[in-house]
Amino acid sequence: MTTVGRRALLTAGAAMTLAGCTSGGAERPGKPSAAERAAAAEAALRTRSATTSRDLLLRYDAVADAHPALAARLAPLRASVAAQVKALAEGGTAPAPGPTGSGSPSPAPSRSLAFVRVPADPAAALRSLASAARATADTHTAALLTAPPEYARLLASVAASGAAHAYLLTEGGRG
């Protein structure tokens, strides 16, 4: 009978030890859980993706400011990029663009139109903008590898849109 009592005591002690290790929802104090790490990685990805698209949005604004004759042609594409910035930032820490007095988005504090170089020739400015749209699309495509499924679908859509913008800014404008 003594052995049964010891076994019961050891089993109860082991169960209490295991329950103590897992109670409270924390694996270890100071160490983030796998879910917390995944959420932080997604938030960082959202911030990077929104910033990448926000930089493209600033380029659209710079080209339109430097070449007012192109503003009407760029307006629908710019509006699309502004919507993408907002969608990419949702759930992240990056602020979505907001209207300023001139109707332009509020740039990130470290970025402004002053840092965007626009070629003097309108055709060259469009080619430069198309190149930036392609580079942004490529960046979003590369981010698909680490994105969670729902966000990956959004990134894929934004990347495809960027590729279409690049086409419309160059080849699509001929004719």
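Me: Is Thr136 buried or exposed?
Reply: Buried means under 20% relative accessible area, exposed means over 50%, and partly exposed lies in between (1.4 Å probe, protein chains only). The relative accessibility of Thr136 is 9%. That is why Thr136 counts as buried.

Me: What kind of model is this?
Reply: Residues are numbered from 1 along each chain as its sequence is written, and side-chain values use heavy atoms, leaving out hydrogens and water. Local features need pLDDT of at least 70, side-chain atom pairs count only at pLDDT 80 or more, and totals for chains, interfaces and linings use all residues, since this is a predicted model.

Me: How many helices and strands does the chain have?
Reply: Helices (H or I, at least four residues) and strands (E, at least two) are DSSP runs, numbered from the N terminus. From that end, the elements run α-α-α-α-α. The count is 5 helices and 0 strands.

Me: What share of the chain is buried?
Reply: The chain has 175 residues. Buried residues make up 32%.

Me: Which residues does Thr136 contact, leaving aside its neighbours within four places in sequence?
Reply: Contact means heavy atoms within 4.5 Å. Thr136 sits in helix α4. Its contacts beyond those neighbours are Thr52, Ser53 and Leu56.

Me: At what angle do α2 and α4 pack?
Reply: Each axis is a line fitted to C-alpha atoms, for helices over the stretch in contact, and angles run from 0 to 180 degrees between N-to-C directions. Helix α2 covers residues 34-66 and helix α4 covers residues 122-143. Their axes are 10 Å apart, and the angle is about 170 degrees.

Me: What does that make α2 relative to α4?
Reply: Angles under 35 degrees count as roughly parallel, over 145 as roughly antiparallel, 65 to 115 as roughly perpendicular, and the rest as oblique. So α2 and α4 are roughly antiparallel.

Me: How far apart are the end C-alpha atoms of α4?
Reply: The expected span of a helix is 1.5 Å times one less than its number of residues. For the 22 residues of α4, that should give 32 Å. The end atoms agree with this, at 32 Å.

Me: Where is the kink in α3 centred?
Reply: The bend at a residue is the angle between axes fitted to the seven residues ending there and the seven starting there. Helix α3 (residues 71-89) has 19 residues. Its kink is about 30 degrees, centred on Leu77.

Me: Is Ala83 buried, partly exposed or exposed?
Reply: Ala83 lies in helix α3. Its relative accessible area is 47%, so Ala83 is partly exposed.

Me: Which residues does Val81 touch, not counting residues up to four places away in sequence?
Reply: Val81 is also in helix α3. At 1% relative accessibility, Val81 is buried. Its partners are Ser53, Leu56, Leu57, Tyr60 and His165.

Me: Which residues does His165 touch, not counting residues up to four places away in sequence?
Reply: His165 belongs to helix α5. With a relative accessible area of 5%, His165 is buried. It touches Tyr60, Leu77, Ser80, Val81 and Ala133.
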